[in-house]
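Colleague: I am new to this structure and would be grateful for a guided introduction. May I put some questions to you while we look at it together?

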Amino acid sequence: MKRTVIVTGSASGLGSAVAEKLRDLGDRVIGVDFSHAEVTADLSTVAGRLEGAEKALELSGGTIHSIVACAEFNVPKPVAISVNFFGVTHFVEALSDILTENRHTSVITFTDTQKEIPVCENLVSAMLAGDEPRALFLGQNLADVSLEQGQLNYTSSKRALHTWIDTQRDHKQWAGAGISLHSIDRSTWRNHHNMADLLDVVVSLTHPMPYAV
């Protein structure tokens, strides 16, 4: 079955590879990125996320089967928090109603859960509480200390996203509404698999089996 898939970060890197793979399979892909995409949007801002979601919905004609959230910033600055965590969760939540209407839909995210990678627990907690202003405040404080501390913005955003997916996936709003949430650990694939295998996994998750009724 050919599907309509939203791919954030589609203009480069993993997002570009995912978009190309899905298009080769005949899926309709609506890319979202800062530029060179069907939808240009700044996912680091609340307004940009909502506008991006609205434009993607408009282009989709009301049919969205999957969202593959590839957009990310690997930088030692608070913008990593805005894009990597809130840019995913807010964007997905903004499109959750249409995902529910289409049923048997999926959301695929990319995280990093290596336990040896340090994170800032207070920052992770702020993100999971949905408090973006506090998270950005804490992130800026880390960035002001050193580049090493600033890098906790990135690692913490990825840990928070993994935890959000893990705690949200079984809720009525998601699994109960026919939406499957997935977190792919990029560190595992970097160490033990190749890009072709990773893309195959993404394809399988964007074409999920129907939930049992």
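**Aromatic pairs and the overall fold**

Modeller: A search of the whole structure finds three aromatic pairs. Please bear in mind that this is a predicted model.

Colleague: How are the planes of Phe 34 and Phe 73 arranged, stacked or edge-to-face?

Modeller: The ring centres of Phe 34 and Phe 73 lie 5.8 Å apart, and their planes make an angle of 25 degrees. Planes under 30 degrees apart count as stacked. The arrangement of Phe 34 and Phe 73 is therefore stacked.

Colleague: How many residues apart are the two members of this pair, Phe 34 and Phe 73?

Modeller: Phe 34 belongs to the loop between β2 (28-33) and β3 (39-40). Phe 73 belongs to the loop between β4 (66-69) and α3 (79-94). The pair thus links distant parts of the chain, with a separation of 39 residues.

Colleague: What kind of aromatic pair do Phe 85 and Phe 86 form?

Modeller: The centres of the two rings, Phe 85 and Phe 86, are 4.9 Å apart, and the angle between the planes is 90 degrees. Angles over 60 degrees count as edge-to-face. The pair of Phe 85 and Phe 86 is therefore edge-to-face.

Colleague: Is Phe 86 buried or exposed?

Modeller: A residue is buried when its relative accessible area is under 20%. Phe 85 has 2% relative accessibility and counts as buried. Phe 86 has a relative accessible area of 1%, so Phe 86 is buried.

Colleague: Which radius of gyration does the chain have, and why does it agree with a compact globule?

Modeller: For 213 residues, a compact globule would have a radius of gyration near 17 Å. The value for the chain agrees with that, because it is 16 Å.

Colleague: What share of the 213 residues in the chain is buried?

Modeller: The secondary structure of the chain consists of 10 helices and six strands. Along the principal axes, its C-alpha trace spans about 50 × 40 × 40 Å. Among contacts with a separation of 6 or more, 73% join residues 24 or more positions apart. The buried share of the 213 residues is 50%.

Colleague: How far apart are the mean positions of the positive and negative charges of the chain?

Modeller: The chain has an accessible surface of about 9,900 Å², and carbon and sulfur atoms hold 53% of it. There are 17 positive and 25 negative charges. Their mean positions are separated by 3 Å.

Colleague: What phi does His 36 have?

Modeller: His 36 sits in the loop between β2 and β3, and with a relative accessible area of 75% it is exposed. His 36 is not a glycine, yet its phi is positive, at about 55 degrees.

Colleague: And what phi does Arg 103 have?

Modeller: Arg 103 is placed in the loop between α4 and β5 (105-111). At 37% relative accessibility, Arg 103 counts as partly exposed. Arg 103 is not a glycine either, and its positive phi is about 60 degrees.

Colleague: What distance separates the C-alpha atoms of Glu 101 and Ser 156?

Modeller: Glu 101 is part of helix α4 (residues 96-102), and its relative accessible area of 62% makes it exposed. Along the chain, Glu 101 and Ser 156 are 55 residues apart. The distance between their C-alpha atoms is 33 Å.

Key. Residues are numbered from 1 along each chain as its sequence is written. This is a predicted model: local features need pLDDT of at least 70, side-chain atom pairs count only at pLDDT 80 or more; totals for chains, interfaces and linings use all residues. Side-chain values use heavy atoms; hydrogens and water are left out. Helices (H or I, at least four residues) and strands (E, at least two) are DSSP runs, numbered from the N terminus. The radius of gyration is taken over C-alpha atoms; the globule rule is 2.2 Å times the number of residues to the power 0.38. Buried means under 20% relative accessible area, exposed over 50%, partly exposed in between (1.4 Å probe, protein chains only). Contact means heavy atoms within 4.5 Å. Accessible areas come from the Shrake-Rupley method with a 1.4 Å probe; for residues, only the protein chains shown count as cover. Lys and Arg count as positive and Asp and Glu as negative; His and the chain ends are not counted. The place of a charge is taken as NZ of Lys, CZ of Arg, CG of Asp or CD of Glu. Rings of Phe, Tyr and Trp (its six-membered ring) pair if their centres lie within 6.5 Å; planes under 30 degrees apart count as stacked, over 60 as edge-to-face and the rest as tilted.
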